[in-house]
Amino acid sequence: MEAVISIDVLRRAGIQVTVCGVDDGTIECSRQVKIVPDTRISQLENDYDLLVLPGGLGGAKTFSSDVRVQDLLQSFFESQKWIGIICASPISLLSRGLGKGRKITSHPSVKSQMVGYDYQEERVVAQALNLR
């Protein structure tokens, strides 16, 4: 749901969206929704302004363990670019300790893993881009 809604709303706003998969083929979401990515992470070439990691525990675990996703996420942090992390995907920050001490929220099922963050019991948390 988070991926489909994010893609739809951004495209309706006239924003160019590239849907990226970690592996080849169709992405099957947690409710059997299937998404055909525009590209794979190994083929990304553009300089993007926004990175959105949608929710779902399976995807969040993949984001956490895939070095290419971690490299991209770290690059966005270092470049102070916009990052949207939804539902369970905040656990993807843990692998490299990105954003420690910053405000964050998540799906309740991963809240206990968010040690070292300023956890907020809010549905949405926004944080300024200045990460230093």
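Is glutamate 28 buried, partly exposed or exposed? Glutamate 28 belongs to strand E2, which covers residues 27-28, and because its relative accessibility is 48%, glutamate 28 counts as partly exposed. Here buried means under 20% relative accessible area, exposed means over 50%, and partly exposed is what falls in between, with a 1.4 Å probe and with protein chains only taken into account. If neighbours within four places in sequence are left aside, glutamate 28 is in contact with Val33 and Lys34, where contact means heavy atoms within 4.5 Å. Glycine 59 is 31 residues from glutamate 28 in sequence, and their C-alpha atoms are 9.6 Å apart in space.

The structure above is a predicted model, in which local features need pLDDT of at least 70 and side-chain atom pairs count only at pLDDT 80 or more, while totals for chains, interfaces and linings use all residues. Residues are numbered from 1 along each chain as its sequence is written, and side-chain values use heavy atoms, with hydrogens and water left out.

Let us now turn to the chain as a whole. The chain holds three helices and eight strands, and read from the N terminus its elements follow the order α-β-β-β-β-β-α-α-β-β-β. Helices (H or I, at least four residues) and strands (E, at least two) are DSSP runs, numbered from the N terminus. For 132 residues a compact globule would have a radius of gyration near 14 Å, and the chain agrees with this because its own value is 14 Å; the radius is taken over C-alpha atoms, and the globule rule is 2.2 Å times the number of residues to the power 0.38. Along the principal axes, the C-alpha atoms fill a box of roughly 35 × 30 × 30 Å. Of the 132 residues, 31% are buried, and of the contacts between residues at least 6 apart in sequence, 46% join residues at least 24 apart.

The chain has 15 positive and 15 negative charges, whose mean positions are 4 Å apart. In this count Lys and Arg are positive and Asp and Glu are negative, while His and the chain ends are not counted; the place of a charge is NZ of Lys, CZ of Arg, CG of Asp or CD of Glu.

A pair of strands comes next. Strand E5, residues 50-53, has a covered face with Leu51 and Leu53 and an uncovered face with Leu50 and Val52. E5 runs parallel to strand E6, residues 82-85, and four bridges join the two, two strands being paired if DSSP finds at least two bridges between them. Within this pair, leucine 51 stands opposite isoleucine 83 in E6.

Which residues does serine 92 touch, not counting residues up to four places away in sequence? They are Leu53, Phe63, Ser64, Gln70 and Leu73, and Leu53 is also part of the covered face of E5. Serine 92 lies in the loop between E6 and strand E7 (103-104), and it is buried because its relative accessible area is 0%. Glutamine 70, placed in helix H3 (residues 67-78), counts as buried because its relative accessibility is 3%. With residues up to four places away again not counted, glutamine 70 touches Phe63, Ser64, Ser92, Ser95 and Arg96. Alanine 60 is found in helix H2, residues 57-65, and counts as buried at 0% relative accessibility. Leaving aside neighbours within four places in sequence, alanine 60 is in contact with Ala88, Ser89 and Ile91.

Two backbone angles deserve a careful look. Most residues other than glycine have a negative phi.

Finally, glutamate 121 sits in the segment after strand E8 (118-119), and it is exposed because its relative accessible area is 58%.
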